[in-house]
Amino acid sequence: MKSAKVASIAVAALAGIVVLPAAAARADTPAPVPEMFTTDSVFTVPAGVTQVTVTVAAAGGGGGGDSTAPGYQAWGGGGGGEGGLVTCQLTVTPGATYNVVVGGAGGSGGSQGAPDTDPTAGYGDDGGQAGADRSANAATGGAGGAQGGGGGGGGTGAASPTQIPSGYGGAGGGVVPGSGGRGGQGTVDEIPGGGGGGGGGASSFGNGDTIAYAFGGGGGGAGQLDQHEGGYGGGGGAGGAGGVCKQNGQVIPATQNISGQNGSRGASNASEYTVFGGDGGGSLAPGGGNGEGGPAQDGGNGGSGGGSQPPSSSGDPTPPVNAAPGFGNNGVVFVTYTPAS
C-alpha cells in the first residue's frame, strides 16, 4: 500500500502536478491568533480577515459594607455579583476599526466598625465617584460612564445632626445604556449603616451597529440594622445576565452566553456579635467564590461583602473590628482571528 502511494505521487509529479501529503498541506494553514485586552483599546482588522470570534466578559460588582451600632445586632454586607460573559462570531471588514471597552469593577461600599472603612470609587477612566462618608445626606455613589466605568460605592450614614441612612452604590456604565450592573442597596431605615457596593461596568467590542457586549455584575447591599425586626444581612448583587451579539443591528445567536453568579447575602451571629460579609460571585473563574480570586481571562468576579471580627466578649456592645468590603474584578475582552494565507 505504501509503495502504491509513493508511485501515485511520482506519476503526478511527472505530469507536472505537485501533490502534497495531507500533513504538509495543513502546515500551510495559518494558526488562529488570539488577542487579549485588559484596558480600553482599538482593534484594527488585519488585511484579508473577514471574521472574528469575540469573547467579552464584564466586570464584577463591589461588596456592600457591614453595619454596626451599639445596642443593635450587627450585619454583614452582601457580595458583589459576577459579570456576564458572551462569545460572538462577527463578520468584519479588513482595515476597519472596532472599539474595545473593558468594564471597570464596582467600588466597595463604606463599612462601619472600629475603625470604619471609606467607600471606594468605581474602576475605569470614567468610574463613578465614591459617596461621601458619614454625610448629612444619604450619599449615593456616582454612576459609571459610557466607557464602562464601575459605579462608586455608597457612603455610610451619619448619626448627627439626625439619623441619616447610608447611600446606595452607583450603577456601572457601558456603551449600551443599561448594560452596567445595578448599585447595591444602602440602609433603608433611619439608622446609619454601611453603604451599597457599586455595579460593575459592561465590556464591549463594536463598530456602529455591529457589537458584542456583556452585562456588568450588581453591587452587594449593605447590612441592615432594624430595632424592630432585628436587621438582616445585605443582599448579594445579581450576576450579569450574559451578553448580546449584534451584526448590522440584528441580534444573532451567541456561541456561548453565560450569566455571572450572584453574590451571597451577608450574615450575623448575634451571640458573638460576629459579622460575615457575603462572598462575591465567581462561577466563571476557579477559586472566585470570595470575589477576589480567579484569572482575569475568566471574567470579573464580584467583590466580597463587608465583614467583621468578634469583639473581646460576647456581651460587649462595642461595634466589632471591621474587615473591609471587597471590590469586583475588572472585565476582559478576547478577539481571535485566522490570518489570511
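Modeller: Two strands count as paired if DSSP finds at least two bridges between them. The model discussed here is predicted.

Biologist: Which strand pairs with E6 over 3 bridges?

Modeller: The partner's Val100 has Phe205 in E6 as its bridge partner. Val101 stands opposite Ser204 in E6. The pairing is antiparallel, and the strand, residues 97-101, is E5.

Biologist: Which strands are the edge strands of the open sheet?

Modeller: The sheet has 6 strands with antiparallel pairing, in the order E2-E5-E6-E7-E8-E9. An edge strand pairs on one side only, which applies to residues 41-44 and 250-251. These are strand E2 and strand E9.

Biologist: Why is E6 described as largely enclosed by the rest of the structure?

Modeller: A residue is buried when its relative accessible area is under 20%. E6 has 5 residues, and it is largely enclosed because the number of them that are buried is 4.

Biologist: Is Gln129 buried or exposed?

Modeller: Gln129 is in the loop between E5 and E6. Leaving aside neighbours within four places in sequence, it is in contact with Ala121, Gly141, Gly142 and Gly152. The cut-off for exposed is over 50%. Because its relative accessibility is 65%, Gln129 counts as exposed.

Biologist: What distance separates the C-alpha atoms of Gln129 and Gly144?

Modeller: Gln129 belongs to the loop between E5 and E6. Along the chain, Gln129 and Gly144 are 15 residues apart, and their C-alpha atoms are separated by 8.3 Å.

Biologist: What accessible area do Tyr168, Val188 and Tyr232 have together?

Modeller: Val188 lies in the loop between E5 and E6. At 48% relative accessibility, Val188 counts as partly exposed. With Tyr168 and Tyr232 it forms a nonpolar patch on the surface, and together the three have about 260 Å².

Biologist: What share of the chain's residues counts as buried?

Modeller: The chain has 2 helices and 15 strands. Its accessible surface comes to about 14100 Å², of which 54% belongs to carbon and sulfur atoms. Of the 341 residues, the buried share is 49%.

Note on methods:
Residues are numbered from 1 along each chain as its sequence is written. This is a predicted model: local features need pLDDT of at least 70, side-chain atom pairs count only at pLDDT 80 or more; totals for chains, interfaces and linings use all residues. Side-chain values use heavy atoms; hydrogens and water are left out. Buried means under 20% relative accessible area, exposed over 50%, partly exposed in between (1.4 Å probe, protein chains only). Contact means heavy atoms within 4.5 Å. Accessible areas come from the Shrake-Rupley method with a 1.4 Å probe; for residues, only the protein chains shown count as cover. Patches are made of residues with over 30% relative accessible area and no salt bridge: like charges are joined within 9 Å, nonpolar side chains (Val, Leu, Ile, Met, Phe, Trp, Tyr) within 5 Å. A salt bridge is a side-chain nitrogen of Lys or Arg within 4 Å of a carboxyl oxygen of Asp or Glu.
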